[in-house]
Amino acid sequence: MSGGRRIVVVGGSQAGCATAAALRRFGFDGEITVIGDELHRPYARPPLSKGILGGTEPDDSVFLSTADDLDIVGGVRAVRLDVVRKRVELSDKDCIRYDGLVVATGARARRLSQYADEITLRTLDDAIQLRERFDGAREVAVAGGGFLGFEIASTAASLGKAVTVVDQIAPLAGRLGPLLSDIVLIAAAEAGVKVRVSTGGVELGRSGHGGDRLQSADGAVLAEADVVVTAVGDVPNVEWLRGSGIALNGGVVVDGDCRVSPDIVAAGDVTSAPGVGGRYGRTPHWWNASEQATTAAATLLGREPDTWPGSRVPFFWTEVFGLRIRLAGHLPPFGEPVVIGGSLADRSVLLAWSPPDGGTGIGTAAAVNFPISAPKLIRLAEDPTARGGPR
Ligand SMILES: Cc1cc2nc3c(=O)[nH]c(=O)nc-3n(C[C@H](O)[C@H](O)[C@H](O)COP(=O)(O)OP(=O)(O)OC[C@H]3O[C@@H](n4cnc5c(N)ncnc54)[C@H](O)[C@@H]3O)c2cc1C
């Protein structure tokens, strides 16, 4: 961006707000307008499936602190981008001109059915409504054995619900590998959570008893419950960019500096970025959104982009059944880990795996209820020499 005075950020959540904050940190003193389609002020999503759903954290604890000198516009959706005239058309029929544009429209819950009342968890309102549904419910079924599905299951179990998780493949192993997924599944079983794998698919059906049910493609009932939640992945919010000429390939395609074009950058869950091994893909995790935001801001201002560790070493965390699991590097982990600290038996352990090629590339590091900072965990995943012992 050369000499521009107005930067428009579309998407008022983690990536959008972190980019706006980084723009100010880097000295941009022009106008910054953040446009978001939610009515709430910007908030963080990770607590939604944990403390907010469980009622252990106040709802207003999720709100992000944002600088007063940002123009934050809520309840308005970007509907079209005109890159020639450099303007974003909005759902209220207005449009806004930009000198620099940040695309940070994130993702939404993928749906399993056509039912308008299918229950998913993506927004603060979703979390509050689901918490209300949990009141008085005895049984909860969750479709989707990914991180979000297990977080919902964990919270529901902590509230005394009888919980069943249903997936069409063995849950978590594809991401966590056998060792860590077993740790989670054992903890889930101890919390009374049943896990069912249906190779015949998982569909949402109506039970006829006022509740929903999960069933296989041939209609066999997999779980019936008072509350059925689906957590089957997410879909990037790119529809407003169609026809703009911006490359969309499973997300907004960015380079390693989060650049889309000279005046446009993108950050967060909406992006498809070159990752480990140069393969393009989405990394829909909080740390990635935050790290990309810093890089995107630097790129837009023509600064030497900060290194974006997320592109080299992805990092994320989950909290389930009393386990706080943080992972950095290549997923799933490859081969047998080295125990660097703590012990598996105590469920407080620091583990490191070698790179999949056995070489000196990026491996994997995991901390399960183990105190280590995120940057140190990342260093452990990327630096084979650090695997000899804790630093
Ligand atoms: C329940 C839940 C729990 C999570 N827990 C964890 C966790 O434990 N660890 C972890 O690493 N990650 C976790 N995540 C993922 C993490 O929250 C996301 O990676 C992060 O929110 C991504 O931020 P973002 O700004 O890119 O996208 P989003 O948070 O999706 O924000 C995008 C914003 O843009 C808005 N928007 C979309 N389209 C438009 C449009 N056309 N015009 C205007 N506004 C628009 C959306 O409404 C939204 O407000 C969790 C996510 C969820 C949903």
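**A tour from backbone to ligand**

Select phenylalanine 321, in the loop between strand E22 (315-320) and strand E23. Strands (E, at least two residues) and helices (H or I, at least four) are DSSP runs, numbered from the N terminus. This is a predicted model: local features need pLDDT of at least 70, side-chain atom pairs count only at pLDDT 80 or more, and totals for chains, interfaces and linings use all residues. Residues are numbered from 1 along each chain as its sequence is written, and side-chain values use heavy atoms, leaving out hydrogens and water.

Check the backbone here. Phi of phenylalanine 321 is near 50 degrees, a positive value in a residue other than glycine. Most residues other than glycine have a negative phi, and most peptide bonds are trans. Is phenylalanine 321 buried or exposed? It counts as buried, because its relative accessibility is 14%. Buried means under 20% relative accessible area, exposed over 50%, partly exposed in between (1.4 Å probe, protein chains only).

Next, select proline 332, in the loop between E23 (323-329) and strand E24 (338-343). The peptide bond from leucine 331 to proline 332 is cis, with omega near -5 degrees.

Go on to arginine 347, between E24 and strand E25 (348-353). Its phi is near 55 degrees. Arginine 347 counts as partly exposed, at 27% relative accessibility.

Now show the ligand. Look for polar contacts (pairs of N or O atoms within 3.5 Å; within protein, one must be able to donate a hydrogen and the other to accept it, and residues adjacent in sequence count only if both atoms are side-chain atoms). Serine 13 has a side-chain N or O atom 3.0 Å from a ligand oxygen. At alanine 78, a backbone N or O atom lies 2.9 Å from a ligand nitrogen.
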